[in-house]
There are 2 protein chains.
Amino acid sequence: MQQRITYICEPVQSELDQVTEMLREMSIVPSFERQGDMLRHLLTFRGKQLRPTLTLLAAKFHSHDPKLSILMATAVELLHIATLVHDDTVDKADFRRGRPTISSLWGRDVAVLLGDYVFAKSAAYVCDTNNVRIMKRFAETIMALSTGELREYLTSFDVAQTREQYESRISEKTASLFETAAESGAILSEASEAEIAALRTYGWNLGMAYQVADDILDFEGNEENAGKPLRNDLRHGVMTLPAILLAQEHPNERTIQAVFDHRNDVDKLRAAFERIQESPAIEQAYKVALGYCERARDSLAIFPDVPAKSSLLHLCDYSIRRDA
Amino acid sequence: MQQRITYICEPVQSELDQVTEMLREMSIVPSFERQGDMLRHLLTFRGKQLRPTLTLLAAKFHSHDPKLSILMATAVELLHIATLVHDDTVDKADFRRGRPTISSLWGRDVAVLLGDYVFAKSAAYVCDTNNVRIMKRFAETIMALSTGELREYLTSFDVAQTREQYESRISEKTASLFETAAESGAILSEASEAEIAALRTYGWNLGMAYQVADDILDFEGNEENAGKPLRNDLRHGVMTLPAILLAQEHPNERTIQAVFDHRNDVDKLRAAFERIQESPAIEQAYKVALGYCERARDSLAIFPDVPAKSSLLHLCDYSIRRDA
């Protein structure tokens, strides 16, 4: 798995290293040592860096000032990190990527304020690109991300959700940032409007595929490979695509409702998981993810066969991998 | 009191009404009714609107497109509201301006996510000014605000704080936004660099005076007039200027330390309040506020005597009023 992501990153590895260096520099805050400690904890051992990789690859079709795409990739990664800090606070999660979360180490209050700081810092990097169009898209993206999270929170423990509601929710909470990551790379490399639109479509569809696959992983994945606790969504009352498809197919069945009615009953939770795992809902959901992947792939047709395109095509497969 | 602020706002009243209208429009979110309900709760019955008034007055020295300063004033007010939502979450405050807070009505998790949305919306309004210089200042301001709040949180219940530490903390958590509010009004009205610098200095000093006065109010104010609970800072472990001055004058006295050592002991809290109220520390702190006011006033010397200048001069007195 690690090998596959290394191959995908290859055309932009030196830029990714500079993103890492910029994040390292950001965590040195001489005037406020404890804030620096927290930032170092947050910025070391980061994840797969899918989003900054996407920005850098999207910028690779035209020669451009690499400083701009590196700034933007750093901003995109920081925005993702800021949302994780606040999400972990809301979800009361103790671990993320195998390490204790900010809220579990320093408390939820610190996590709220440190998250705000990281949001603002990400916006500051975007400002350094001097590109007003991208600044607007970035602000809209933060609005979409927080709206999606709020929607997920407010609809939790409600079985009666449609696939359309699920899709607009994950569009906001996940695909919006993938979309902006790809679009901004294209804009900063001075791609044509047709190319910008194509990469924007690619990013959105990739994000949708990634989130559907991630939600399937919660049902069938291996915790050690995934690097995070699984079997979480139903327990937190979050209806994802497999659960929605099962509920739509069997409107009178109460397996999931029983989990929400008896929130600490592990037998009811196990029964619901087994029911979904054995039902066709998992394969149906996987087909939905494949559909998004296909549309992401198709949108790249206008680009020449260069290494960045090859990486973006592989990123489609990677985003819906089932071996995690 | 209400009369005095009406007089100050007079030169920009029609613009302020348009800020109110923009905020009303923002709280209509047809696709997500519950988010709209929350925004309406947040945006109705707002406070004194000092910060947007400051932006609009600062823009009044040169004729300019009023849309720009109205956009910016709206952004400044929204940014202030977003910080209040997160601060109330961190402070576990149930009431603000006499009304229940978002976190007390919908829970702290909702408050975190709704606050993020309002932060992003404020940035989106700034982007609509199309002014990169202001966008950068705005992002830096959010970083300063969250750093100041984090610093206050992390230094709570620590008696050994210097006046310098206090001043750099309130510079971040309060004066930074007053500074940006005034500076951005100046920039958008195409003022000269000397005028921009003068209004920036004015805003920062006004913010410092305002916060010192607000901290004095916590010791000697009347809750009904202030519209918020007082006698709060020491109880939450926050060392403000009067407490710091007393502790510096009497390094061996343990009146404040006793409050922090016995956090639920109301007698110790009352003793500390009486001690500070009767000491010269309150008057000494008030002199510090007056000093900031004086410097704010002085920085306006370069402007002609127009109604906006008269309002800004009155705003200095208003910000350190003692009759609240």
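**Entry 1. Helices α4 and α9 of chain B**

I began with the crossing of α4(B) and α9(B), which is right-handed in this predicted model. The two axes come within 7 Å and cross at roughly 30°. Since angles under 35 degrees count as roughly parallel, α4(B) is roughly parallel to α9(B).

I then listed the residues that make this contact. From α4(B) they are B:Arg51, B:Leu54, B:Thr55, B:Leu56 and B:Ala58. From α9(B) they are B:Leu177, B:Phe178, B:Ala181, B:Ala182, B:Ser184, B:Gly185 and B:Ala186. By class, I recorded eight nonpolar, three polar and one charged residue for the contact of α4(B) with α9(B).

I looked next at B:Gln49, which lies in the loop between α3 (33-43) and α4 (50-58) of chain B. Its phi is near 55°, a positive value in a residue other than glycine.

In chain A I noted a positive phi at A:Glu190, a residue other than glycine, with a value near 60°. A:Glu190 is placed in the loop between α9 and α10 of chain A. With 15 other C-beta atoms within 10 Å, A:Glu190 is partly exposed.

**Entry 2. B:Thr74 in helix α5**

I turned to B:Thr74, found in helix α5 (residues 66-91) of chain B. The residue has 24 other C-beta atoms within 10 Å. The cut-off for a buried residue is 20 or more, so B:Thr74 is buried.

What does B:Thr74 touch, leaving out residues up to four places away in sequence? I listed B:Val19, B:Met22, B:Leu23, B:Pro52 and B:Tyr125. I also checked B:Ser122, which is 48 residues from B:Thr74 in sequence. In space, the C-alpha atoms of B:Thr74 and B:Ser122 are 7.5 Å apart.

The buried residues are A:Leu241, A:Pro242, A:Ala243, A:Ile244, A:Leu245, A:Leu246 and A:Ala247. They pack against α9 (163-188), α10 (193-220), α13 (255-261), α14 (266-278) and α15 (281-298) of chain A.

I repeated the search in chain B, where α12 (residues 241-249) is mostly covered, with seven of its nine residues buried. These are B:Leu241, B:Pro242, B:Ala243, B:Ile244, B:Leu245, B:Leu246 and B:Ala247. Their cover includes α9 (163-188), α10 (193-220), α13 (255-261), α14 (266-278) and α15 (281-298) of chain B.

**Entry 3. How the two chains are related**

I then looked up the contact between the chains, which takes 34 residues from chain A and 34 residues from chain B. On the side of chain A that touches chain B, the elements giving two or more residues are α3 (33-43), α5, α7 (108-127) and α8 (132-154) of chain A. Which of them gives the most? I recorded α8(A), with 14 residues. By class, this side of chain A has 20 nonpolar, six polar and eight charged residues.

I compared the two sides as well. Of the interface residues of chain A, 100% are also interface residues in chain B, so the copies meet through the same surface.

**Entry 4. A helix pair across the interface**

I classed the residues of the contact of α5(A) with α7(B) as three nonpolar, two polar and two charged.

Terms used:
Residues numbered from 1 in each chain as written. Chains lettered and ligands numbered in written order. Predicted model: local features only at pLDDT ≥ 70, side-chain atom pairs only at ≥ 80, totals over all residues. Contact = placed C-beta atoms within 7 Å. Buried ≥ 20, exposed ≤ 12 C-beta atoms within 10 Å, placed from the backbone. Helix = DSSP H or I, 4+ residues; strand = E, 2+ residues; numbered from the N terminus. Nonpolar A, V, L, I, M, F, W, Y, C, P; charged D, E, K, R; others polar. Axes fitted to C-alpha atoms, helices over the stretch in contact; angles between N-to-C directions. Parallel < 35°, antiparallel > 145°, perpendicular 65-115°, else oblique. Left-handed = near helix turned anticlockwise from the far one by under 90°.
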